[in-house]
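Here is a quick tour for someone meeting this protein model for the first time. Have a look at it before reading on.

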Amino acid sequence: MKNASVKNRISTRALLLNAVFGAALLSGVSSASAETLTVWSGYPEMAPFYEHVAQGLKAAHPDLEVKVEAIALREHEKRVALGLTGGQEGVTVIELSGSTATRYLENDLLPEAPDDIATFVKDPKNFDKFFSDTASYDDTVYGVPLFRGQGALFYNTDMFKVAGLTEPPKTMEDYSKYAEKLTQRDASGRTTVSGWSLRLSGGGQGIAEKFWINMHQFGGSILVPAGDGKWKTNFANEAGRKALKQYLENIFTLKTVTPEMPADADAFERGQTAMFIRESWVIGDIAKKAPDLKYATAPLPKGSIALPTNLYVAGDDADIGWEFAKATNSPENLVWLLENVGWLPNRSGVDYSSVTTKQPAFAAFVDYPQGYEFFTLPSIGPIEEILTRVAAQLVVAFGDASMAGDDAKIDAFLKKASDEVDTILDREGLLAK
C-alpha cells in the first residue's frame, strides 16, 4: 500500500474518532447499561428476527435487556460512522456488510472475534470460504456471517398471462422484449404500469449496484481484481455499452419505464410494475403487504450479486454480544429468518426444506443452474465512494435522451465514469498500473 494511502487511512481514523467521541458527548451514548445489549441494524425488516433471537437468550440471561435499533440502511451507515467508540459502556452488536466494515477494520475501530467465534466462523462445515473470508480482514476473523442479499427476477404471473408470456425471460434481450409487451398505457399513451422496473433514481450506491447486476449478465463489472491487492475497472467496454444502452432503450425508445414512476418492491406489490430484480427479502414483504399477489421468481441469465452481511461486536465485556451473534446462527433461528424475513442465511448444513416447500419463490435463490456466477462488492475502503460516484453519473445518463442509440456518446460517458473510478483507486494506492 502506498504511503499516501496509509496516511489517508490514519487521517480517516482520526476524523472518525473525533466524530465518534463528539457524537458520544452529545448523545449520551456512553451511559448505556452494562446489562443492556444494543443491536444496530440497517434493515428494518430484520428487527423481528433480532427480537426472536433475544427471546431465546432469556433463559440463560433473564436480566439481559436487548434493544433492537433497526433503521434505513443509509442512516444506519451514518450512525455507525459517528457511533463507533472503544470506550462506551455496554455492548453493541453492529450489522455491516464486509465491504463497509473494511473502513473500520483498516482503522482498528472494530475488535477481533474471540478464539471460539473465530473457530466457528472458519469451520468449513459452518460457512463456505466465500462467507468466512468476507467476515475476516488480513485472515483474522472480526465478524460472524449472517445473511446475504442475492438477486433474482420477480414477475407478476397474471400480467404475464395477459401478455401471452408463458415463461420468464432467459436472456437480457428477452427482458426488453418482455418489458415492451408488459407495459401498460392509458388512452393518451402515458405509461401507467412499467414493464420492467429499473433502478433509475433514489439513494446513492444502490443505483450502481443494480446497474452492476444487469451489466454482469453481459460479462462486465465495475471493478475486477488485478492481483497484489490492486483493482481495475471493467465497464468502459462492450458489456458496459450493452447494459447502459438497454437502460436508455427502455426509458426513451420503448418507454417501458420512467424515472418518475413508482419502482421497486412497493410498485410490484401494488401492481405498478410487471417485473423487477431484487433480493429474497421481497418474498416476506409480499406475504405481509400483498398476500394475494400472484407472482413467481426466476434466476437471472448469467448470475447474481451476493452481498454478505456480518455481525460485529463493540464495547466492554463483549462476551454477551458474541454470544448473541453466534445465537443468530442456530439452525432454528436461521430457519425462522428465512421463513419470516426472507433474507438468505449464509450458514451451510442447515435444512431449509420446511421453508422452500411452503414457499416455492425461494427456489430461484437456492436452486439456480450449475455454473451460475456470483460476484460481490470488493472489500476495499473506497467502495462506497466509487459506487456513489458511478451512481451520480448514471442518474445524469438516465435523463439524457440524446444518448439513446448513440454508441459514441455512451462510450464517452463510460470512459469518463471509468476514469473517475481510476482516480479514486489511484488516490488510495489500489489502482493496477
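## About the model

This is a predicted model, where local features need pLDDT of at least 70 and side-chain atom pairs count only at pLDDT 80 or more, while totals for chains, interfaces and linings use all residues. Residues are numbered from 1 along each chain as its sequence is written, and side-chain values use heavy atoms, with hydrogens and water left out.

## A wrapped-up strand

Let's start with strand β1, residues 36–41. Helices (H or I, at least four residues) and strands (E, at least two) are DSSP runs, numbered from the N terminus. Six of the six residues of β1 are buried, so the strand is largely enclosed by the rest of the structure. Buried means under 20% relative accessible area, using a 1.4 Å probe and protein chains only. Both faces are covered: T36, T38 and W40 are buried on one side, and L37, V39 and S41 on the other.

## Its neighbours

Strands pair if DSSP finds at least two bridges between them. With β2 (residues 65–70), β1 pairs in the parallel sense over six bridges, and V39 sits opposite V68. β1 also runs parallel to β3 (residues 91–97), joined by four bridges; there, L37 has V91 as its bridge partner.

How values were computed: Buried means under 20% relative accessible area, exposed over 50%, partly exposed in between (1.4 Å probe, protein chains only).
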